[in-house]
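Welcome! Please take a moment with the sequence and the 3D view below, and then let us walk through them together.

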Amino acid sequence: MTGDELTFGIEEEFFVVDREGHLSLSGNVVVDSAEEGQGELQHELTLSQVESATGICRTRDEGLHQLKALRTELAEAAAQRGSRLLACGSPPMAEAELPSITPHPRYEQMARHFGATARATSTCGCHVHIAIPDRETGVRLIRRIRPWLPALLTLTANSAISDGIDTGYSSWRYQQWSRWPSAGPPPEFTSLDHYESIVDAWLRAGAILDRAMVYWDVRLSEGQPTVEFRFSDVASTPDEAVLLGILIRGLVTTVLDEGEPASRLSNEVLRAHLWRASREGLSGQCPHPVTGDLAPAPKVVDDVVAFAASALESTGDLDFVRDGCARLFESGNGADRQRRRFEERKRPEDVVDLFVV
């Protein structure tokens, strides 16, 4: 399989905030009033969130063009309502109340069933879809790509400042999202039947209300013929989101051609690796996907890019990925930039001002 055979799409979630940086309740109105071009705009679980989704993309330029256009449409609609669009994984400001649930039957049912988990885990992620020929291939891909997830998480970690404080994590969103019973790293599936047996058991236990609530870091998409990567914070810029999407596509191509995983990881060990990646991001140490030993995160990311280099070169994306990673190593990811801004005056409002779209 070659990289140019694999199409991709990117979904981005955003907060809608007021002029002071606090969560707004205008998400529904912003989505309904935005002028939708390419891609799709969607409501989210709380009234303080909105979501965009690109159409099917074949090249990085298509993805970048659509992401920029979708962000502009949402930002302009928010501005018309006196609000702003915020690209952070968690809300930087401390809020007096939990966010309100969007008045939709499914969301209201989720709030009743899961209680504070549904309202207290208001986070914004970036989801990358990669096309697959069938669900059996998707399960095989999930098993093989698991060891690489921590390194990928370091790239777009973008939720260091939350609830008015420095959380001590680069991706606090990842920790928050892990409260859902179906969230976290996927098991090392042995077959599609294995995958389906777990989903069926969750449904029977009431741990999920429907199949759309399968929240593994990588899952089979229910509505599209794709595998969906769900571990990432929303990227601070469209360029970083496309960088993540293109690198994931290169990895997918490579691991499907390589055979067995680089290393065999139990879920207990992989969860620990993801915890470390979410804590330190690009500025610290990350477990290596092959050895499991800690190494500087930029070195681990470089090794990931080298592993996928042939697939990236086949689509003309290798220099783009190398250059994009080098910029992040130099300037820091979203979490690093949040911390630098927050350290200046200890004001989460300053973080909001830096990351509004």
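Glu 344 is exposed, with 56% relative accessible area; exposed here means over 50%, buried under 20% and partly exposed in between, using a 1.4 Å probe on protein chains only. Before going further, note that this is a predicted model, in which local features need pLDDT of at least 70 and side-chain atom pairs count only at pLDDT 80 or more, while totals for chains, interfaces and linings use all residues. Residues are numbered from 1 along each chain as its sequence is written, and side-chain values use heavy atoms, leaving out hydrogens and water.

The side chain of Glu 344 joins that of Arg 341 in a salt bridge (3.7 Å, N to O), a term for a side-chain nitrogen of Lys or Arg within 4 Å of a carboxyl oxygen of Asp or Glu. Arg 341 is partly exposed, at 26% relative accessible area. An α-helix has 3.6 residues a turn, so residues three or four places apart point the same way.

Helices (H or I, at least four residues) and strands (E, at least two) are DSSP runs, numbered from the N terminus. Helix 14 covers residues 334–345, and its buried residues include Gly 334, Ala 335 and Phe 342. Among the elements covering them are helix 9 (238–258), helix 13 (318–331) and helix 15 (348–355). Just after the helix, Lys 346 has a positive phi of about 60°.

By the rule above, there are 23 salt bridges in total. Here are three of them:

| Pair | N to O distance |
|---|---|
| Glu 228 and Arg 219 | 2.8 Å |
| Arg 347 and Asp 350 | 3.4 Å |
| Arg 341 and Glu 344 | 3.7 Å |

Glu 228 and Arg 219 are both buried. In the other pair, Arg 347 is partly exposed at 32% relative accessibility, whereas Asp 350 is buried at 6%. Shared partners also link Arg 135, Glu 196, Arg 211 and Glu 222 into one salt-bridge network.

## Cores and another helix

What holds the largest nonpolar core, and how many residues does it have? It has 80 residues, and Trp 180, Tyr 195, Phe 229 and Ile 248 are among those with the most contacts inside it. Such a core is a set of buried Ala, Val, Leu, Ile, Met, Phe, Trp, Tyr and Cys residues joined through side-chain atoms within 4.5 Å. Helix 9 gives the largest share of this core, eleven residues. A separate core has 30 residues, including Leu 23, Val 31, Ala 77 and Ala 78.

Ala 77 and Ala 78 are also among the buried residues of helix 2. Helix 2 (residues 60–80) has 21 residues and should span 30 Å at 1.5 Å a residue, which agrees with the 30 Å between its end C-alpha atoms. Gly 82 follows helix 2 with a positive phi, near 75°.

## The whole protein

Stepping back, the protein has 15 helices and eleven strands. Its C-alpha atoms fill a box of roughly 50 × 50 × 40 Å along the principal axes. Buried residues make up 59% of its 357 residues.

Conventions
Contact = heavy atoms within 4.5 Å. Expected span 1.5 Å × (residues − 1).
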